[in-house]
Amino acid sequence: MHDTFDKTVQDRKETSAGLMQYSAENLVPFGPIHPALKEPEYFKLILEGERIVDVIPRIGYVHRGLEKAAEQRPWIQNIYMFERTCGICSFAHSMAYVQAVEELLLYKLPERAKFIRLVVAELERIHSHLLWIGLMGHWAGFETLFMWVWKDREIVLDIVEAIAGNRIHKSLATIEGVKRDIPEPLIPGFIERLKYITTRVHYYRNVVDTESTLLIRTEGIGKISADRLEQLCAVGPLVRAAGIPRDVRRDDPYAAYNDVPMDLVTKSGVDIHTLMQQRLDEVVVSVNMIIYALEHMPPGPVKLRVPPVVPKGENASHVEAPRGELFYFVKSNGGRMPERVKVRTPTLANLPSALEMLKGHTLADVPVVLTGIDPCFGCMDRLSFLDRDSQKLWRWSGEELRQYGIHHYFPERKK
Amino acid sequence: MILTILQALILPGIAFTITLGLIFEWLERKTMARMTGRVGPMVAGPAGVLQPLADFVKLLYKEEVMPSFADKTVFRYAPGLFFLAPLVSMLFVPVIGPSAVASFSLDLLLIVFILAYATFVVAVLSYASASSFTTVASGRLVLQYVSYEIPLVISIVTPALLVGSLSIQEIVQAQSSRWNLLLMPFSFAVYIVALLAELEKPPFDIPSAKTEIVAGWLTEFSGRALAFLKLSKELGLVFGASLAVALFLGGPLGPVPQSIVPVEIFYTTYFLVKLFALGLLIFVVRTALARLKIIDAAVLFWKILLPLSLAQAFFVLVVKG
Amino acid sequence: MPRKLGSAVPEMIRTLIQPPVTEGYPFKPLQLSERFRGKLDVDPERCTGCGVCALVCPVFCIDMIDVGTRKVGDRELPLKKPEFDLAICISCGECVDNCAFNALELTRQFELATANKQDMVMRKALVK
């Protein structure tokens, strides 16, 4: 057992990618701490003058071990933990987890709860896209756009606070329903403010399309073909901007997406400029969906009481987070706690596409292109290993991790 | 003699320039904040006027850290050299009257030389703090300098072509009937754009791009050196705007009524009003535009602004002759 | 669409004239919504020491402490009351929703910073 384990690790080291084929003078380290990144990730940029030849990522700086921690907490308490995977897409995480668990129970979700989930999920999409537009202004040096867009984002966050009690960690999803109802007297105020947001988004669309200095920074930057995106398994607004009509809300509807009409926004080719147009148009679509849902909300209870144990089984569910397809796999062995929870976030799927989009551009384009995929490294992180002497990088499978744990904690089992 | 020394030290010399620099920084932050819906500095002093001074003083007592592989001599002494450039240049611009504190017949050439010297000091400075970000920044700085210098010099020299003298004082005095701006508006526009490039304000803040190369050539500085470097950038703004006022807007000249108030007050008031108006124009332009890339900035200067300034100079020569 | 330089300028002038949107906090009080989830508060009269809040708390910030005994039939059983560590509490509201006696509520107070960590432990409910 010991010999085969060591041999497997040795094989892995031999066959992984090498880092030291490039000389150190051309290496500009982007990260882990950099003003252009919200979260720490290390990208080694190999430059020739100002042109980027290659990008080598190294992830794992914000890995928190949430999947393991989930195995030690009861079902409902995990909702709060998964909510805190990411601040911007927090409701998407909790909703995906809750949906995965609900299909193992055999209760029927109340209709009103489905509509409320849709309203809050779309509000989160609006706030995430507005945040992203502001950030694009910031990376392009256009601080004015950044401040204006975030000023309007405050309106959305105030609506969320009136519904959920907190602006970011909404704590709204629970197994079989939502925890609180939307207060009825406030709904007309919400609708009016959302219509104001639509007029502001039309103005920003105008600025994005006509301001020359912004167009120089975003048009033609970060081009990638739709075929390459499909090969690299990209998800979210990135593939929709390339013209591929893929959206979980339409392909596999969850919550109330069957009952609320939705327009799918697609553009014809990916570059940063079309990504900005795509996300701004998606905000308008989301506002229309929220207004429809608020006006047609069915009466009824918002949650059901559930027992604290979940029957044996395994299930997977996916939702359309603001960044793409978020995927949760849940396995239960009939107890109070889950046996395994696995999360696949959209940024992990989009990262190879971002690295491909960077090649051939200059250093000034790096923050703009990396933010183009709307990265959320906090959600995405995985462990990776680096051997300092030979500078080889590799990853372990689950079985290798388990074997390593056994060998580390029980050295007497080595034969 | 004593009067000259006093003028050099206080008004319109060192104290005046530094105070104007701090006020301009406050004005910039306040207008930029108000145009984006924020409030700007509020706490230090009435309406936050003392905020730049507070930032300066705070930086003075912070620890200075030097990278171990930086060039020690340059790192330590170059910030002081950069600080001197706008201070010395301000002495040649008439502020309190039609004549400047110091002047001679070729002082416009000296100004051009000092501008080149200042940029050279910055390029050496950023190359001496040898980290990967500052190396990229120094490359961008030199490329940007090479692009904007020729249109800048041509647009500075065009008023001299009209008046026939290279002394700033005489250029100002020749504008007593009408401003140079009316005869050479394109020179003025080219000068303003080149000034934005020299001061590294958006759309040309490429060498110190905050979101790409951390802080550009300012990255490795801290403590006193950083305080003086930041102040020098503001003084550069004051000087650049003062030069534009002197060359194109008639300096401190304006109608002076007879009264018991000394005539210097009127001249200084006119100068300050024109200076602040120009400053506001620069702040509005900087808030409204995104940052260009270095290649696009170079293309802009070589393909558009250089022919424009040459055409304007040729037009002035034709009109004069 | 045609390219323009300075399409942001009219909006900038408009924003300059309007009052700024910055909140005056901390010089003025902050406007919070009614449902804002701030500091936890407990009513000692209503709390019976059932212990459900400690079971459902996701961050394990509620400790049940012995404060005496209670009679159940003719047996003496320990009476435990909750002690809340507000530094760990995430204000999620699970305990509030699950308390059968309405003894807990989330107030709108959020300025909890203190120099002494022991100040954050709420022992109000530790009465017999």
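Trainee: Which strands does helix α4 of chain A lie across, and at what angle does α4 run to β6(A)?

Mentor: This is a predicted model. Helix α4 covers residues 90-102 of chain A and lies across β6 and β7 of chain A. Taking the direction of α4 against that of β6(A), the angle is about 150°.

Trainee: What does helix α13 of chain A touch, and which angle does its direction make with that of β7(A)?

Mentor: Helix α13, residues 346-358 of chain A, packs on the sheet. The strands touched by α13 are β6, β7 and β8 of chain A, and the angle with β7(A) is about 135°.

Trainee: In what order do the 3 strands of the open sheet in chain A come, and which stand at the edges?

Mentor: The order is β6-β7-β8, with antiparallel pairing. A strand with a single partner has one side left without a neighbour in the sheet, so the edges are β6 (313-321) and β8 (340-344) of chain A.

Trainee: Over how many bridges do β6(A) and β7 of chain A pair?

Mentor: Strand β7 spans residues 324-332 of chain A, and A321(A) has G324(A) in β7(A) as its bridge partner. The antiparallel pairing of β6(A) with β7 runs over 9 bridges.

Trainee: Which elements give two or more residues to the side of chain B that touches chain A?

Mentor: The contact takes 23 residues from chain A and 21 residues from chain B. On the chain B side, the residues divide into 9 nonpolar, 7 charged and 5 polar. The elements of chain B that give two or more residues are α6 (132-163) and α11 (263-288).

Key:
Residues are numbered from 1 along each chain as its sequence is written. Chains are lettered from A and ligands numbered from 1 in the order in which they are written. This is a predicted model: local features need pLDDT of at least 70, side-chain atom pairs count only at pLDDT 80 or more; totals for chains, interfaces and linings use all residues. Two residues are in contact if their C-beta atoms, placed from the backbone, lie within 7 Å. Helices (H or I, at least four residues) and strands (E, at least two) are DSSP runs, numbered from the N terminus. Ala, Val, Leu, Ile, Met, Phe, Trp, Tyr, Cys and Pro count as nonpolar, Asp, Glu, Lys and Arg as charged, and the others, Gly among them, as polar. Two strands pair if DSSP finds at least two bridges between them. Axes are lines fitted to C-alpha atoms, for helices over the stretch in contact, and angles run from 0 to 180 degrees between N-to-C directions.
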